[in-house]
Amino acid sequence: RPLALTNMSDKDFFLQAMSSSADDGAAAADYDDMYSVAAPGAVVDKPTLTYWDGQGNAELIRLMLAACGEEWVDHVYGEPATSQYLTTQDQFMKISKDGLMAFDQVPLLRIDGLNLVQKYACVAYLARKHNMCGNTPQEMARADVLMEGLRDMIQAVMGKKDEAVTRGLGFLERALRSNPAGTTYFVGKGITFVEIVSFWTLSNIKSRRPEMADDMFSSNPLLKANYELIQSSPRIQAYLNSDKAFPQPGKPGYMDRVKATIPWVFGEGKAPGQQSSVWNLSY
């Protein structure tokens, strides 16, 4: 493609190339017919999530989408609509070459014309869109502080730093007890993104550190109540009972498919360099 046309969409480039056609409408129809499932944003008018068939870094995004009432489609960008989950390195490299991933990492959430990556950025976007950040600057600050603490906690969970996890649980209990609104929520009088991140963090403790699960709730009754409140909420319950939800860590063979897709992360071969000279946040 000539350099002057690199900022054109694939469809516009195709139509310009076909401009000699007597029927421009037919050319457009030809494009839509050929690329309706593979073209960016063309699967359905719903958000699409590209990841493997497991929890990993996508699970927090799935929970947040569910909590917000956003219906999404599991779909590998650039592949037929029947391709739901990543399985090959070629699929990953296609996304990289099209410049959709800011740091060449999935999950990739395509929503509202945006190619979003990094799970906490996805959560933040959804929280702002659905007014789940708090209602005042003070509440928003409270939510941000708790988010930072929860990010530290999940690192401790993954690193099996049990003492740090136990201390973090105590701090979360104190935060609930200290809510000026006097509710069972972390911030104000309703669910914010903090509830979802906390629910995800505690769920990881239950699945990854089961020996800590009983004491986690017996020592922190407010945290237990908050967790159960989110777990029993209709949207989260519907998601957890659906075929979109995966066991920890994923379907059988999940890690094998992850390794086949990005082997360099596991020390097998050299990581590829940047495949695109631009990062396309928008589509």
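Analyst: A residue counts as buried when its relative accessible area is under 20%, as exposed when that area is over 50%, and as partly exposed in between. The model is a predicted one. A salt bridge here needs a side-chain nitrogen of Lys or Arg within 4 Å of a carboxyl oxygen of Asp or Glu, and the count by this rule comes to 10.

One of these pairs is E59 with R62, whose closest N and O atoms are 3.1 Å apart. Both residues belong to helix α3 (residues 59-68), where they sit three residues apart, about one turn of the helix. R62 has a relative accessible area of 0% and is therefore buried. E59 is buried as well, at 5%.

A second pair is E70 with K129, with 2.6 Å between the closest N and O atoms. E70 is in the loop between α3 and β2 (73-74) while K129 is in helix α5, so this pair ties together parts 59 residues apart in sequence. E70 is buried, with a relative accessible area of 12%, whereas K129 is partly exposed at 38%. A network of salt bridges links E70 and K129 with D112.

E228 has 36% relative accessibility, so it counts as partly exposed. K224 falls in that class too, at 33%.

Terms used:
Residues are numbered from 1 along each chain as its sequence is written. This is a predicted model: local features need pLDDT of at least 70, side-chain atom pairs count only at pLDDT 80 or more; totals for chains, interfaces and linings use all residues. Side-chain values use heavy atoms; hydrogens and water are left out. Helices (H or I, at least four residues) and strands (E, at least two) are DSSP runs, numbered from the N terminus. Buried means under 20% relative accessible area, exposed over 50%, partly exposed in between (1.4 Å probe, protein chains only).
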